[in-house]
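Here are my notes for your reading of this model. Please keep the structure open while you go through the points.

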Amino acid sequence: MAEKVEYFPGIGKIQYCPDAPPTETLCFKYYNPSEVILGKPMSDWLRFSVVFWHTFRGTGLDPFGAPTLSRAWNRPAETVDDAKRRLNAAFEFFTKLGVQFYTFHDRDIAPEGASLAETNANLEAVVEHALELQQRTGVQLLWATCNLFSNPRYMHGAATSPLAEVFAYAGAQVKKGLEVAKKLGALNYVFWGGREGYASLLNTRLREELDHMANFFRMVVAYKKKIGFTGQLLIEPKPKEPTSHQYDYDAMTVIGFLRTYGLQEEFKLNIEPNHTTLAGHCHEHDIAMASAFGCLGSVDANTGSPELGWDTDQFPMSVRDCTAVMRYVLAQGGLAPGGLNFDCKVRRESTSLTDMFAAHIGAMDTFARGLRCAAKMQQDGVLDGLVATRYASYRDSELGRSIADGTATLESLEAHILKHGEPEVPSGQQETFELIFNRYL
Ligand code: XUL
Ligand code: CO
């Protein structure tokens, strides 16, 4: 549908202006997409993506108050044509901002109908339009996902519902979701188990629910292969909210689940730091954990409010946090086919259209600074060198090598200690590590 409407009038393509003063906010001061850092352009390290749900469906509604964000693309009633217009607004935003990727849930982009067949027909019509916009602009779909948590039918779970009929509905929905992902050339496909958990153990058979979830994922893998969808499958951990206890608690829990059910070759993880902190870990813990096990696939780049402690989905604006994340991304050679997806929403008090730009520009610039700092850290090798020294005994001594390669036994360890006596235990130097880290920010 050709449309002349401009949704962000007065705002042009955002440019890189390294000398801009602090008051000039509609430009990048640090993100310079073509600049080469450690052998790759910044845009390769920083595969930024905009989420459709918060940014184009968010209204500012919260449990205590009415919508505050009045957006032209949210005004009309909910028809397929409205949905197409909303996509036009989104693609204008993506291209003006200069991001390469976007993400959506099936139910964000197209209205549900009275039956699954009607819903699928709506989705198909909107997807045709999305494909046209992707082709016209070059913006790609980083990942698609199915919303298996908003509709009341999913209140007890989708793949972990106690009701086989609900499980079947979720399967039918994901079948279509995978077809849509294939059609749009999605690079990944995400599963966030919004209602996959429990509120009370008294009414829950948790092992049965997890077995069903594994079977669900096996069906996904089979269908993905059948239709030739080549995107990477990703699971996004979160410990709670909306359920009081979610099965995909954190990275290690999901890794354990995948290995228990023999699914570890088919799935990687989409890590969202605000979920990580909700699980009681530090900002970058799950990034480090997933990366250490070779399964960091993508990042929902956001942050929370330590004072609040729930999922506030704020834009990542801490140079310290983004540097910490980028250290792991650099160490594993990048995130592709994944990216840095801004699963973030402007505050309900941030009501203007320029706030949407400021939020994304601020986060992109913060990640660009994080990349620059982390690259300098890696090049200098000071921190890595100190860490290597800390673990040197596992490389430099026969005892250490025998532990690392698994040939040591309890008898050989005892013999060593009886011969050499009490070990010397040096300082952990945490403050020195922190001081050196800060010198790179
Ligand atoms: C919810 C969340 C989701 C997933 C996609 O906390 O992060 O938006 O990223 O369903
Ligand atoms: Co997310």
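1. In this predicted model, D343 has a relative accessible area of 6%. Buried means under 20%, so D343 counts as buried. D343 sits in the loop between strand 12 (340-342) and helix 12 (353-380).

2. What does D343 coordinate? Together with E236, E272 and D300, D343 coordinates the cobalt ion (ligand 2). The glutamates contribute OE atoms and the aspartates OD atoms, at 1.9 to 2.2 Å. Along the sequence, the spacing of these donor residues is E-x35-E-x27-D-x42-D. The pair D300 and D343 links distant parts of the chain, 43 residues apart.

3. Why is the arrangement around the cobalt ion (ligand 2) octahedral? There are 6 donor atoms, and the angles they subtend run from 77 to 170°, which makes the arrangement octahedral.

4. D300 belongs to strand 11 (residues 296-300). Its relative accessibility is 0%, so D300 is buried.

5. Helix 10 covers residues 285-292, and its buried residues are D286, I287, A288, A290 and S291. Which elements do the buried residues of helix 10 pack against? They pack against two strands by name, strand 10 (267-271) and strand 11. They also pack against helix 8 (251-260), helix 9 (273-278) and helix 11 (319-331). After helix 10 comes G294, with a positive phi near 70°.

6. Now look at A170, in helix 6 (residues 164-183). Is A170 buried or exposed? A170 has a relative accessible area of 0%, so it is buried. Setting aside neighbours within four places in sequence, A170 is in contact with L148, Y154, A158 and F216. A170 and N147 are 23 residues apart in sequence, and their C-alpha atoms are 9.2 Å apart in space.

7. The last point concerns the surface. V387, Y391, Y394 and I403 form a nonpolar patch there. Together these residues have about 340 Å² of accessible area. I403 is part of helix 15 (residues 398-404). With a relative accessible area of 38%, I403 counts as partly exposed, because that class lies between buried, under 20%, and exposed, over 50%.

Terms used
Residues are numbered from 1 along each chain as its sequence is written. Chains are lettered from A and ligands numbered from 1 in the order in which they are written. This is a predicted model: local features need pLDDT of at least 70, side-chain atom pairs count only at pLDDT 80 or more; totals for chains, interfaces and linings use all residues. Side-chain values use heavy atoms; hydrogens and water are left out. Donors are N, O and S atoms within 2.8 Å of the metal (3.2 Å for Na, K and Ca); water is not among the atoms, so sites may look incomplete. Four donors count as tetrahedral if all angles lie between 85 and 135 degrees; four count as square planar and six as octahedral if opposite donors are over 155 degrees apart and all others between 65 and 115; anything else is irregular. Helices (H or I, at least four residues) and strands (E, at least two) are DSSP runs, numbered from the N terminus. Buried means under 20% relative accessible area, exposed over 50%, partly exposed in between (1.4 Å probe, protein chains only). Contact means heavy atoms within 4.5 Å. Patches are made of residues with over 30% relative accessible area and no salt bridge: like charges are joined within 9 Å, nonpolar side chains (Val, Leu, Ile, Met, Phe, Trp, Tyr) within 5 Å. Accessible areas come from the Shrake-Rupley method with a 1.4 Å probe; for residues, only the protein chains shown count as cover. A salt bridge is a side-chain nitrogen of Lys or Arg within 4 Å of a carboxyl oxygen of Asp or Glu.
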